[in-house]
Amino acid sequence: MRNWKKTTLFAWRSITGEAQAIRHSARRCATEAGPERDTAVQSLKAAGAALLAWAVAGWWWSAPMALLAPWTALFLVQSTVYRSLLSALQQFAVVVAGTLLAAGAGMLTHNTMTAMALALPLTVLLGNYARFGAQGLYAPTAALFVLVYGSYTGFDILHRFLETLLGAVIGIAVNALILPPVHSRHVRHLRERLPQNCAEFLHTVADGLQEPYNREQARAWYHQAVRLTDAVTDLRAARRWSNESYRLNPGHKLRRSVLPPPQADWDLTWDQITEHIRTTMRTLTEATALPDGVPGILATLLRAAGDVLDLQENDAADDGHHAEAVATAAHRQLTLILADGRYETTPALGGLTADTQRLVNDLTSLVNARYETPRITAGEPP
């Protein structure tokens, strides 16, 4: 009885939690632009494309295979116009292949079961061909439609092709001309959050270095640094998605509220920065002992590095140069300690000196690129 009550309570909490999540998503969809609204728009467009395809093929044309038009249109309202076009080509190719294989098997055997035994293995293998992607599933599906309904005369096959083509045209047109999907919002969000997250992380580590060394804490820092590098990977994926949404998209200029994504050269810089933060944290996990004063110097360096990254979205040039100078001076102190024979150095100190040197170089490049003043050549007005 007790286990039954626990199971019921757990199920009820899961249901209420899911209902609450759906309610929050619906509210965000209605009140702000975001993935929830994008999903709702694409869903309504897919439904509208299917209705339009049925109105043309089933109601106006009275086609014998009218189902294929809305069925095709429904699944070709993809997340980007380019993907809609690519999927249309793939789907049409597999539908043609599946239909012809099934028709050939049906005319050869004149028996539905035997024809399925011949056609389905071939169409399933064809559907698993990597070039067809997710659309490969439609090869055996088209074969089943042909054989189950016994419609594989030349007239029926021609109608299948025409209705599939009609659905594809309608699906692509709806996706391209009605609020064409442009996915640049996620790129901008990641670009805005990454400097802030890096700065907050470096400030946290700097504060933690004031405490006695704790290997578990150092490992936790390392795992957080890995997540920063993962964010750069997410940024690359989001940029690829954004670039694809602009390809072959004739209607994205109609969406004036959509801003273009930031330039891609920004990604390489932050790929280097996050990687050097990660290697610094990895070396810290090995630093069981450091010379006196080194943790404080390292804390100053990392805090200044965090200040530089935190200022990237501001125009405070003097503050940026000052923070970079503090980080450079702290690294110079690390180098002097490493070279001073009076200190008992460790491999970890050498590793930290090398890792932070690369990080400081990144900061210098970042500050120079962000706050550099334009040069005036001879003959040009000031």
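1. A quick word on terms before anything else: a residue is called buried under 20% relative accessible area, exposed over 50%, and partly exposed in between (1.4 Å probe, protein chains only). Bear in mind that this is a predicted model, where local features need pLDDT of at least 70, side-chain atom pairs count only at pLDDT 80 or more, and totals for chains, interfaces and linings use all residues. Residues are numbered from 1 along each chain as its sequence is written, and side-chain values use heavy atoms, with hydrogens and water left out.

2. Let's start with aspartate 319. Its relative accessibility is 45%, so aspartate 319 counts as partly exposed. You'll find aspartate 319 in helix H12, which covers residues 317–339; helices here are DSSP runs (H or I, at least four residues), numbered from the N terminus.

3. Asp319 also belongs to a surface patch of negative charge, together with Glu200, Asp307 and Asp310. Such patches take residues with over 30% relative accessible area and no salt bridge, and like charges are joined within 9 Å. Asp and Glu count as negative, and the place of the charge is taken as CG of Asp or CD of Glu.

4. On to the salt bridges: how many does a search of the whole structure find? There are 7, where a salt bridge means a side-chain nitrogen of Lys or Arg within 4 Å of a carboxyl oxygen of Asp or Glu.

5. One of them pairs arginine 219 with glutamate 216, with 3.3 Å between the closest N and O atoms. These two sit 3 residues apart in helix H9 (residues 215–246), so about one helical turn separates arginine 219 from glutamate 216. Arginine 219 is partly exposed at 38% relative accessibility, whereas glutamate 216 is exposed at 53%.

6. Have a look at aspartate 267 and arginine 239 too, whose side chains form a salt bridge at 2.7 Å, N to O. Aspartate 267 is in helix H10 (residues 265–286) and arginine 239 in helix H9, so this pair ties together parts that lie 28 residues apart in sequence. Aspartate 267 is buried, at 8% relative accessible area, and arginine 239 is buried as well, at 7%.

7. Last, helix H13 (residues 347–371) holds both arginine 358 and aspartate 355, 3 residues or about one turn of the helix apart. Their side chains meet in a salt bridge, 2.7 Å from N to O.

Terms used: Patches are made of residues with over 30% relative accessible area and no salt bridge: like charges are joined within 9 Å, nonpolar side chains (Val, Leu, Ile, Met, Phe, Trp, Tyr) within 5 Å. Accessible areas come from the Shrake-Rupley method with a 1.4 Å probe; for residues, only the protein chains shown count as cover.
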